[in-house]
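Biologist: I have not looked at this one before. Can you walk me through it, starting with how to read the labels?

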Amino acid sequence: METFILYLVGVIASTATYYLNTTLNQGAVRSSALLTLVVAGFLHFFPKSVSPYLAQYIPPIFIGASFIGMVSKNQLSTYFGLALAGIIFTTILLNTSKFFTGYGGALGTSACIALLVVLSIPYFKSPRKMTVGFLQLRKTILKKPRKVSKRRVDLFK
Amino acid sequence: MQARQKFRTISICLLFVIQALFLVAIFVENTHSYIVLAFIGLLSLLILYSYLRSPIHHHKHEYESIKIAVWVPIGAIASYYFNQIFGLGPVLGAALTGTLASFIPNINKNSAYLPHLPAAIYCGAFVGMSNAQVAHGFSFILAASIFTAIFLIVSKSLLNGVGGKLGTLAFLGVSLTYLLLYLFK
């Protein structure tokens, strides 16, 4: 259950930061830093509000996943892609190497890896970055089947 | 022009190598779990594909202004101060530094210079997140942040708009400083 909560934190942090950054136009730095300040500040002053395991892991997962939300909408523009990157980031962090523990920038590196993995999948790329071939393929996949008009059905009869 | 191209190639290689090393360290420490090994192997292949095929870098190589990069050490010192001296911890220290930095452009909204500072300061803040066992004091943080500032200057056209770029640069700066200290101490 606690691991599920951590994955949820990763998804919420990446999507909420992106929303604040792109829809509310607060800028990438303020979106990431302000949201993290609220979450990490709350857990710093009220550490007993959650279990010690969650109190230890929520702040680093939140700030790391918020780096994913700093992505430009020219690179990634789907919330599903952001959520997937958040899940990949949380998985990396939960299995991270002890060798690099305490190195500044390790969370950013994990976030960058998670985002590059998602960007390697053409489906998640922003339409502006796609080739014409992939755009056509995506259009074909996403196209809803048209309703056959009654008149046309009658003609077929 | 050729020197710029060389810098670009070296910078891309450095960014990829540091991320690959990060994944290799996880791989080495999780040899008992085949699922984690398969996951890390898959991630490595996908980021290699992204570096080779995805349009994440600008074609034209440019350098960041030194006037902007000088704010990296300031962010690093501020974050380290909040983290170690005030005892707020690395996450809260960096978040506080970033939040304060994000309001700098409000000082003069017509300035073309101020809007670039929050990113440089936040990049420095990640260096200041290092713990006391890695960073042995302000001199380490200063050295690591100067290396990070240099990487920020040469990587302006790389990983454009990709979240985590600033953190990767900070990680590169901290790792390089730690390696140099280990070799020459």
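This is a predicted model: local features need pLDDT of at least 70, side-chain atom pairs count only at pLDDT 80 or more; totals for chains, interfaces and linings use all residues.

Biologist: How many helices and strands does chain A have?
Modeller: Chain A has 7 helices and 0 strands. Helices (H or I, at least four residues) and strands (E, at least two) are DSSP runs, numbered from the N terminus. The order of elements from the N terminus is α-α-α-α-α-α-α.

Biologist: And how much of chain A counts as buried?
Modeller: 47% of its 157 residues. Buried means that 20 or more other C-beta atoms lie within 10 Å of the residue's own; exposed is 12 or fewer, partly exposed is in between, and C-beta atoms are placed from the backbone. As for contacts in chain A with a separation of 6 or more, 70% join residues 24 or more positions apart. Two residues are in contact if their C-beta atoms, placed from the backbone, lie within 7 Å.

Biologist: Take helix 4 of chain A. What does its buried part pack against?
Modeller: Helix 1 (2-23), helix 3 and helix 5 of chain A, together with helix 2 of chain B. Helix 4 of chain A is largely enclosed by the rest of the structure, because 12 of its 16 residues are buried. Among them are A:G81, A:L82, A:F89 and A:I92.

Biologist: What about the length of that helix, residues 79-94?
Modeller: At 1.5 Å a residue, the 16 residues should span 22 Å, and the end C-alpha atoms of helix 4 of chain A are 22 Å apart, so the two agree. The expected span is 1.5 Å times one less than the number of residues.

Biologist: At what angle do helix 3 of chain A and helix 5 of chain B pack?
Modeller: About 35°, with their axes 9 Å apart. Axes are lines fitted to C-alpha atoms, for helices over the stretch in contact, and angles run from 0 to 180 degrees between N-to-C directions. The contact consists of A:P59, A:P60 and A:I63 with B:V91, B:A94 and B:A95.

Biologist: Now inside chain B: how do helix 4 and helix 6 pack?
Modeller: Helix 4 (residues 71-85) and helix 6 of chain B pack at about 50°, with axes 6 Å apart. That angle makes helix 4 of chain B oblique to helix 6 of chain B; under 35 degrees is roughly parallel, over 145 roughly antiparallel, 65 to 115 roughly perpendicular and the rest oblique. Residues of this contact include B:W71 and B:P73 of helix 4 and B:I121 and B:G124 of helix 6. The contact divides into 12 nonpolar, 3 polar and no charged residues.

Biologist: Is B:G124 buried or exposed?
Modeller: B:G124 counts as buried because it has 36 C-beta neighbours inside 10 Å. Leaving out residues up to four places away in sequence, B:G124 touches residues including B:W71, B:S79, B:S145 and B:T148.

Biologist: And where does B:Y63 lie?
Modeller: In the loop between helix 2 (34-53) and helix 3 (66-69) of chain B. B:Y63 has 14 C-beta neighbours inside 10 Å, so it counts as partly exposed. Its contacts, not counting residues up to four places away in sequence, are B:I153, B:V154 and B:K156.

Definitions and conventions
Residues are numbered from 1 along each chain as its sequence is written. Chains are lettered from A and ligands numbered from 1 in the order in which they are written. Ala, Val, Leu, Ile, Met, Phe, Trp, Tyr, Cys and Pro count as nonpolar, Asp, Glu, Lys and Arg as charged, and the others, Gly among them, as polar.
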